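Please read it with the structure open.

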Amino acid sequence: MSEILTKLEAADFINRSFKPLPRSYGDALVEAAKADSRIVALCADLVPPTETDRFRDELPHRFENVGIAEANMIGIAGGMARSGEIPFCHSFCAFIVKRALDQITMQAAYPKLPIKLVGFLPGVATILGVSHQAIEDVAILRAVPEMAIFEPSGPEYHAAMVRLALDWDGPVYLRMKRPETPPPPFEPRTLSIGKGVIRREGGDMTIISAGLCVAESLAAATTLGEEGIDARVVDMASIKPLDAALVLESAASSGAIITAENHSIVGGLGSAVAEVLADEGIGLPFKRIGVQDRFCEGGTTPYLMNQFGIDATAIADAARQVMRRKG
Amino acid sequence: MKAKRNLEELEAIATRLRLHVVDMVAPSGQGYVQQGLGAADIFTSLYFSEARMDPADPLWPDRDRIFLTTAHNTAIFYATLAERGFFDIEALKTYVTDGSALEINSCERLGPFVEATCGSLGQGLSVAVGCALAAKRQGRACRCYVICGDGEMQEGQIWEAAMLAGARGLDNLCLIVDYNFVQSEGSMNRVMSLEPLMAKMESFGFACQEVDGNDIGALLSAYEKARATKGKPSFIKANTVMGKGVASLEGLMFHQLRFPPEVAASARAELEAQLGEIRR
């Protein structure tokens, strides 16, 4: 009986495989915390889904589950940061950003405190539906001064997220995605603040993407390559500060840009890239791939990415469009 | 680091702070004068007797923290900070003038002795809970005091923070509600009563006391009792009278009071006379 119950308790709507998932972010946070006694972790009662269960078990005196109270969590983090600690606050993207925005601006960003907001379930990627989806979180936090926003494209970059968060002198938002099934073996990779990563070279056009859309962009680029379109793929893990130099260099060298993100087309990565281009007076064939200013629904991630037009098929279609406009 | 003063000295300080409040609000002809006069005894008792702090080292890690979460009650707050030695008293003349850091809602750009920027109501208690948790973790003896408005307790975040403070038994935390019974729209009863407040806070795990918030001696005893309480956070319901200390203003319940020069002048004369009495 008890064995059956343990199995039942392990289900959490995120792990679709019911096999043990790696904690690539959570393990990196525990290692960082063991090396730096200022690091503490807070959670608004979503411990395994935010990979903080190991932190809870191994560093219990530095872990605080504040209950289902996100606004309070950010205020408490403010008090801890003012006492010399570095709080990492955990919840789902939708809740940590939207339920606590005033607290984020006043207790983390305005005082420029080292408060690290860590959200899971980015964009459309959850079966839990519209209440749990965050398709506007990047737009909201991009407008908050002092805030940095980083989004990994896969578990190989999860440990780097902890490093980036610590390296940024102020508040940070990490937009995390837990793998839904055990990923194939990978080597951890590093990232730098304000730097994009060229994941594929190509001279005909550039796809600038982040998060879940990077893999889709790489798949689209492979398809496009078979059609004779040679696309560069940029992984813009540092959404704010943005790698403006790489955007401008990509515009100059490839002459056409599309952006692809698991987020609304309003205010996210696509807007940030467009702002850089417009500010420099650069006009070129350009298209933003993202959720088209509409609410979504719950479903499996591949289904939703297809349904809301942010998968490899949609990216390849947009790429063909801008190539036609490029002429 | 703890200033030792007798009751008479503290009452003189409270009167001096009230004079500053009158002088600071008078030039603009309106402002938070009633709340400032009403809360003068809370500020005096906390800053000039109860709390351990060092104006020369405002970030002293073992200092007691005082969070003014009802951050618009600034005339009394700034007067207190200046008289306590955190900044030049002359600066009070710039209160609510363009470019001055003495804004109508207190903000930490004034200096680190503003422990958090709290103008958006309901946030200060959470920050204090975070400080109290960190102090326990770090083994510091410091205490965290929060001055909260009564209307402010309608904010949901106050209750989130209170729930955690009670559940974690944060005995280094003391929440003082400045119970002047007025919020923006007028009497609290007209908007939404908090009663029974003592029972609510008790049920959230606080050790509760109700005192005359204009009686410095009673406030000091309440702080002492709070300090001696182990395993529970403390709650002090400090019943204050708006406009306290100026006969013509006492009990006038206005969130924002029109304060014409002649009223300010007579208030000033009255407080000067009181100060003379105390000095004799």
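**Notes on the model**

1. Strand 1 (residues 39-43) of chain A runs parallel to strand 2 of chain A, and three bridges join them. Strands here are DSSP runs of E with at least two residues, helices are runs of H or I with at least four, and both are numbered from the N terminus. Two strands pair if DSSP finds at least two bridges between them. Cys43(A) has Asn65(A) in strand 2 of chain A as its bridge partner.

2. A word on the basis. This is a predicted model, in which local features need pLDDT of at least 70 and side-chain atom pairs count only at pLDDT 80 or more, while totals for chains, interfaces and linings use all residues. Residues are numbered from 1 along each chain as its sequence is written, with chains lettered from A and ligands numbered from 1 in the order in which they are written.

3. The chain A sheet. Seven strands make an open sheet with mixed pairing, in the order 2-1-3-4-6-5-10. Strand 2 (63-65) and strand 10 (238-240) of chain A are the edges; each has a single partner strand, so one side of each lacks a neighbour in the sheet. Neighbouring strands are turned by 20 degrees against each other on average, direction ignored.

4. The chain B sheet. It is open too, with five strands in the order 2-3-4-8-7 and parallel pairing. Which strands stand at the edges? They are strand 2 (65-68) and strand 7 (207-212) of chain B, each with a single partner strand, so one side of each is left without a neighbour in the sheet. Within this chain, strand 3 (residues 144-149) and strand 4 (residues 173-179) pair in the parallel sense over six bridges. Cys144(B) has Leu173(B) in strand 4 of chain B as its bridge partner.

5. Domains of chain A. The chain is divided into domain 1 (22-175) and domain 2 (197-326); the bounds come from an automatic or database domain assignment. Their centres, taken over C-alpha atoms, are separated by 26 Å. The contact takes 25 residues from domain 1 and 30 residues from domain 2 of chain A. Residues are in contact if their C-beta atoms, placed from the backbone, lie within 7 Å. On the domain 1 side, helix 7 (137-142) and strand 5 (148-150) of chain A give two or more residues each.

6. The chain interface. Contacts link 22 residues of chain A with 20 residues of chain B. Helix 4 (70-82) and helix 6 (101-109) of chain A each supply at least two residues to the chain A side. Helix 4 of chain A gives the most, with nine residues.

7. The core. The largest nonpolar core has 192 residues, of which Ala319(A), Val129(B) and Ile176(B) touch the most other members. Such a core is a set of buried Ala, Val, Leu, Ile, Met, Phe, Trp, Tyr and Cys residues joined through C-beta atoms within 7 Å. Both domains of chain A contribute at least three residues each. Beyond its neighbours within four places in sequence, Ala319(A) has contacts including Met205(A), Ile207(A) and Ile258(A).

8. Val263(B). This residue lies in helix 9 (residues 261-279) of chain B. Is Val263(B) buried or partly exposed? Val263(B) counts as partly exposed, because it has 18 C-beta neighbours inside 10 Å. A residue is buried at 20 or more other C-beta atoms within 10 Å of its own, exposed at 12 or fewer, and partly exposed in between, with C-beta atoms placed from the backbone. Val263(B) and Ala26(B) are 237 residues apart in sequence but 8.8 Å apart in space, C-alpha to C-alpha.

Conventions. Two residues are in contact if their C-beta atoms, placed from the backbone, lie within 7 Å. Axes are lines fitted to C-alpha atoms, for helices over the stretch in contact, and angles run from 0 to 180 degrees between N-to-C directions.
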